[in-house]
Structures are given as structure tokens and as C-alpha cells.
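Thanks for coming. I will keep this short and go through the structure piece by piece.

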Amino acid sequence: MPAHEDVRDPVRRAVPHPARHPDRPRSRTHGARGHRGASAPSAGAALLLTDDEDLAAALVRLAAAAGADLHRDGGREATLVLAGVDADPERLAAVRRPGIPLVVVGRAPLDPPWWQVAAGLEADHAVVLPEAQDWLLERLSDVADGRGRRGPVLGVVGGTGGAGASVLAAGLGRALAEALGGCLLLDADPRSGGLDLLVGGDALPGLRWGDLAGVQGRLGPHVLRSAVHLGAGLHVLPADRRGGGGPDADAVWTVLDAARRAFAATVVDLPRGGLADLGPVLGACDELLVVTPGTTRGAAAACAVLDELRQAGTTGARLVVRDVGAGLDAEDVADAAGAPLAGTVRPDRDLDAALERGEGVPGGRRSSLRVLATALARDWAAAGLDGVRR
């Protein structure tokens, strides 16, 4: 499933020469583009709608085993809705909310018309007990864990080497932690050297990729809360410098799926190479930002990365241009690459020095990076960007 609703393929323009960029009024470009959904994940309850008492009894037992609050009166806001095929469609329409999954549940043996009725309810899932017992336990465990909703995922990838994608990811992580109350910075680039070095967390204890070697299947969200804690609600799961290969696509997806249930937001620092193998990871991103320097070569390199993203089924990525002091105008770079401009990062020598000293992205100074990251985070929060789109 594409990561964005905008499926238009922008027409790429020729890369303009720096001396020939036209003068034009500048528009505000850092805002998010109206993604639907709820805000940060919060604790909730499961709502059960059925008059089938045998089915209700089975689901009550599963909820008790998962430690989840299951109610039938609709008095609390639900983060999961369970229904029998006998549920009133008007009642279902009244309780459904964006980002809240609806699961139609039946008990074997079923008559053939059951599936037709279930499809007519427009549910996100239709499952049958006892076969789906383990699956339902996991869904109810999410509710019990206080993460019935799933947090938004923001992916950042460099349009070229040294573009500053990891720095932007770190800045976004800090800004989102402040705006939403918590964020995981996920290092998915095996050649990054470890984001903990970038954010000043290399000497801090906590979970790293090497501790998750061979992870597959479903990972409990509580595991990721032991990732390196940088304070102020920001965690990082960095690459491991103790040797061994980096995480593969399956491992990244497993961790990302858990992160969406554990954190109010997740920022993924993606590798430039092998994007075609990251289909499910890219599909989970509610926003993708491609970072590139404002040069002719940067624009050309960004074109190649955007093409690879589109070939992987991902459309709607936006561009962040790093001003290098002399080069193309940011909007010309975006026009040439065929992607909307999300914003520009101006040169900041103090920031570069702080990162090299391992102090991380400053939290108080109003550097260009800080201003852009804060504006994006606030816009996403105001738009109600939610990781659940299905």
C-alpha cells in the first residue's frame, strides 16, 4: 500500500543552472499535507458489539487473558472495535473513528453467507475463532498495553551521501518527542556508524541492534522502551558497532511495527541503498522526506532516490534542501527532482561543531535545523498525523 494518498507522479523538469533561477515569491513549505488520523497513541479499551452471547463469552475470556478492558456500552473511547455479524451497521458507523480498527469475529463452523455479511460491514479484518485466537490475543494485548492506536512514522533518507539526513532525523526526533510526549529514533542504516554518536548517547546504556540479532515475527512493544534513553521522551535504537551485519528488511519491519505500538511517534533514518527491499517499511511511513544539498549534483541524485521510491510503490515523498551557501535555489531543486519542497536547512557552523563533539542536536537554540524540525513536528501534530491508515 502506498505510503501517501497523493499518487500523482510530478513532471520532472530539467535541472536549472544556478545563475538562471527565476525570482518568485516564496511560500510556506514546512507544513504537513493534511494526513488524516488521531494524535499520539493513548490508553483505551475494546468495544464489543454483538448479541451473540456465546461469542461474547469467548471474547470476554480472551480479553481477560490479555488484561484488556472490554466493554459493551460504548461509554469509553475505544481503541479497538470487535463486532459480530449481527451488529447494527448504524451503531458501527456511530462508534467508528479514523485509525480505530474494526474486527468482525465469528465462531466456527460458519455458514457461507457469514463472509458476505462480514464484508458488507466494511471491517478492517474478519476472523474466525478458534483459529484466530492468538491473533486476537495480540490485538487485545495492544489495548491492554495502552497502545491501541499506532503512532505516526516519519522516514528520512539522503538524496546523496553526506546530505544531512541523519542530522535531520535526529532533529525531528527531538521535536516530535517534545510535541507528542515521546519518540523513537530508529537507525535503519547499517552503515550509519550509530545514531547514538550523533545524538550524544554513545556512552548511555540501552538496547541496540546487536541485542536484537535474529529478531523476527512479533516483538512486544515493551522491549523497545529499554532502547537508549536520551531524556525528554526521546529514545534511540542505534546501529551496533560491536560487529556483525546490520538489520535486514524483515528485522527493521518487526521493530518498526513494535515501535508504532510503543511510542507516540517514530522517526526512521533509512539507508539510501536497497530501498526497493524495504517495501513494507516504506509503506508504513506516513511521511517520507528526502534530504539533498542544493546543488546540481544533489538535485540529480535526489531524482534517482525518488525514482527508486516510486518503483517501490511509494509516492508523495517531499524534499528537504540543505543550503550549501552557493548553488541552486531550493525550489529549483524541488522542481528539478519532481517533488514538493518541505523546507530548507541553512548552514549552521555551531550545530556542526556540536554534533562533532557528540553533544547531539541542541534543544534550545533556534538554529535553522531546529526551526524546521519544530515547525514540521507542530504541523504534523496539529494535522493529527496517525500511523494507522488502514
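D323 and R346 form a salt bridge, with 3.2 Å between the closest N and O atoms. The pair links distant parts of the chain, 23 residues apart. D323 sits in the loop between strand 12 (318–322) and helix 11 (330–337), and R346 sits in the loop between strand 13 (341–345) and helix 12 (349–356). D323 is partly exposed, at 26% relative accessibility. R346 is also partly exposed, at 47%.

Before I go on, please keep in mind that this is a predicted model.

How many salt bridges does the structure hold? There are eight.

One of the eight salt bridges is between R72 and E53, where the closest N and O atoms are 3.3 Å apart. R72 belongs to the loop between strand 2 (70–71) and strand 3 (78–83), and E53 to helix 1, so this bridge ties together parts that are 19 residues apart in sequence. Both ends are partly exposed: R72 has a relative accessible area of 36%, and E53 is at 47%.

The other bridge is D124 with R96, at 3.1 Å from N to O. D124 is in the loop between helix 3 and strand 5, while R96 is in the loop between helix 2 (89–95) and strand 4, so here the parts tied together are 28 residues apart in sequence. For D124 the relative accessible area is 27%, which means partly exposed. R96 is partly exposed too, with 27% relative accessibility.

**A patch of charge**

Next, charges on the surface. Which residues gather in a patch of negative charge? They are D51, D52, D54 and D86. Take D51 as the example. D51 is in the loop between strand 1 (45–49) and helix 1 (53–66). Its relative accessible area is 65%, so D51 counts as exposed. Helix 1 has come up already, as the place of E53 in the bridge to R72.

**The aromatic pair**

Now the aromatic rings. A search of the whole structure turns up one aromatic pair. The partners are W114 and W115, and the arrangement is edge-to-face. The ring centres are 4.7 Å apart, with 85° between the planes. Is each partner buried or exposed, or something in between? W114 is buried, at 9% relative accessibility, whereas W115 is partly exposed, at 44%.

**Backbone details**

On to the backbone, starting with cis peptide bonds. One joins A108 and P109, with omega at about 0°. P109 is in the loop between strand 4 (102–107) and helix 3 (113–120). Another cis bond runs from L129 to P130, with omega near 10°. P130 is in the loop between strand 5 (125–129) and helix 4.

E122 has a phi near 55°, which is a positive value in a residue other than glycine. E122 lies in the loop between helix 3 and strand 5, where D124 of the bridge to R96 is also found. With 60% relative accessibility, E122 is exposed.

A232 is another residue other than glycine with a positive phi, again near 55°. Where is A232? It is in the loop between strand 8 (228–231) and strand 9 (234–237). A232 is exposed, with a relative accessibility of 60%.

**Contacts across the sequence**

I will stay with A232 for a moment. A232 and R174 are 58 residues apart in sequence, and their C-alpha atoms are 8.1 Å apart in space.

P152 and W380 are separated by 228 residues in sequence, with 9.1 Å from C-alpha to C-alpha. P152 lies in the loop between helix 4 (133–144) and strand 6 (153–158). Why call P152 buried? Its relative accessibility is 2%, and buried means under 20%.

**To recap**

The structure holds eight salt bridges, including D323 with R346. It has one aromatic pair, and a patch of negative charge formed by D51, D52, D54 and D86. The cis peptide bonds I showed are A108 to P109 and L129 to P130. That is what I have for today.

Conventions: Residues numbered from 1 in each chain as written. Predicted model: local features only at pLDDT ≥ 70, side-chain atom pairs only at ≥ 80, totals over all residues. Heavy atoms only, no water. Patch = residues over 30% accessible without salt bridge, like charges linked within 9 Å, V, L, I, M, F, W, Y side chains within 5 Å. Areas by Shrake-Rupley, 256 points an atom, 1.4 Å probe, with all protein chains shown as cover. Salt bridge = Lys/Arg side-chain N within 4 Å of Asp/Glu carboxyl O. Lys, Arg positive; Asp, Glu negative; His and termini not counted. Charge placed at Lys NZ, Arg CZ, Asp CG, Glu CD. Helix = DSSP H or I, 4+ residues; strand = E, 2+ residues; numbered from the N terminus. Buried < 20%, exposed > 50% of the residue type's maximum accessible area, 1.4 Å probe, protein only. Phe/Tyr/Trp six-rings, centres within 6.5 Å; stacked < 30°, edge-to-face > 60°.
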